[in-house]
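Please look over the notes below alongside the model. They cover the nonpolar core, the aromatic contacts and the salt bridges.

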Amino acid sequence: MLLRSILLPVRATSPRDLAERLVQLVIGLMLYGIALAFMVRGGIGVAPWDVLALGVAGRSGLGYGAVTVLVSIVVLLLWIPLRQRVGLGTLLNALLIGPSADLALLALPSPPNVWIGAPMFVFGLVLLAFATGLYIAADFGPGPRDGLMTGLVRTTGWPVWLARTVIEGSVLLIGFLLGGPVGVGTVLFAFGVGPLIGWFLPRIERRRRARSQRLAASNG
């Protein structure tokens, strides 16, 4: 009973549907980590949470990916007073994105100038939006940061925009004070990620629902 109160149930129309969605989830999370690496290598600033992760990494000597995992674990601990329920996707989000980003950083060289760095950042931003659509559409629960926002909205009654602003603004300020990189890329992320996810997510969700329905029909 305790686990049921903590964990989100896993639903699927068939075993094949469950397996395909799991593959989609893992691919989405790994692509998300690769996207973060492209944005970091771009050298023109990063998203607020990555400003924090890079700031902590610079002060602690830990790797960026390891700090990303640790930050996710801390955020999950903040779910406890908010009574948020954890999904399989939530846990894999916390564990896979950081190592994927570290591996991609090892493979990606630093660009020689901003004319190469800026397109790398933009590519990473678009890839991140696509990857977000993949893992959300797999429907295994929200990521740690998304769940923190929705939990805060539910418990405080704040509108989504206010909760998001308070969280991201606080994270950005702390990361900046720790020496994390803030630049034009941070602004591009703030204004670009929402519309890009808004374009990718509904299309991927429609395809996933249609596929799940076909599998359910063939299974029946």
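1. Accessibility terms come first: buried means under 20% relative accessible area, exposed over 50%, and partly exposed in between (1.4 Å probe, protein chains only). On that scale phenylalanine 123, with a relative accessible area of 44%, is partly exposed.

2. On provenance, this is a predicted model, in which local features need pLDDT of at least 70 and side-chain atom pairs count only at pLDDT 80 or more, while totals for chains, interfaces and linings use all residues. Residues are numbered from 1 along each chain as its sequence is written, and side-chain values use heavy atoms, with hydrogens and water left out.

3. A nonpolar core is taken as a set of buried Ala, Val, Leu, Ile, Met, Phe, Trp, Tyr and Cys residues joined through side-chain atoms within 4.5 Å. The largest such core here has 56 residues, and Trp49, Tyr64, Leu128 and Phe189 have the most contacts inside it. Two or more residues each are given to this core by helices H2 (15-42), H3 (48-60), H4 (64-82), H5 (88-107), H6 (114-137), H7 (144-156), H8 (160-177) and H9 (184-219). H6 supplies the largest share, ten residues. Helices (H or I, at least four residues) and strands (E, at least two) are DSSP runs numbered from the N terminus.

4. Leaving aside residues up to four places away in sequence, tyrosine 64 touches Leu36, Val40, Asp50, Ala53, Leu54, Ala57, Ala101, Asp102 and Leu105. Contact means heavy atoms within 4.5 Å.

5. There are four aromatic pairs in the structure. Rings of Phe, Tyr and Trp (its six-membered ring) pair if their centres lie within 6.5 Å; planes under 30 degrees apart count as stacked, over 60 as edge-to-face and the rest as tilted. The pair of tyrosine 32 and tyrosine 135 is edge-to-face, because the ring centres are 6.1 Å apart and the planes are at 70 degrees. Tyrosine 32 lies in helix H2 and tyrosine 135 in helix H6, so this pair ties together parts 103 residues apart in sequence. Both tyrosine 32 and tyrosine 135 are buried.

6. For phenylalanine 38 and phenylalanine 123 the ring centres are 4.9 Å apart and the planes at 65 degrees, so this pair too is edge-to-face. Phenylalanine 38 is in helix H2 and phenylalanine 123 in helix H6, 85 residues apart, and the pair links distant parts of the chain. Phenylalanine 38 counts as buried at 18% relative accessibility. Elsewhere, Phe130, Trp199 and Phe200 form one aromatic cluster.

7. A charge sits over a ring if NZ of Lys or CZ of Arg is within 6 Å of the ring centre and within 35 degrees of the ring normal. Arginine 145 lies over the face of tryptophan 49, 5.1 Å from the ring centre. The charged end of arginine 21 sits over the ring of phenylalanine 140, at 4.6 Å from its centre.

8. Arginine 21 also forms a salt bridge with aspartate 17 (3.4 Å, N to O), the term meaning a side-chain nitrogen of Lys or Arg within 4 Å of a carboxyl oxygen of Asp or Glu. Both residues lie in helix H2, four residues apart, about one turn of the helix. The structure holds five salt bridges.

9. Which residue of helix H9 pairs with aspartate 17 of helix H2? Arginine 208 does, with the closest N and O atoms 3.3 Å apart. Arginine 208 lies in helix H9 and aspartate 17 in helix H2, so the pair ties together parts 191 residues apart in sequence. Arginine 208 is buried, with a relative accessible area of 9%, and aspartate 17 is buried at 2%. Salt bridges that share partners join Arg16, Asp17, Glu20, Arg21, Arg208 and Arg211 into one network.
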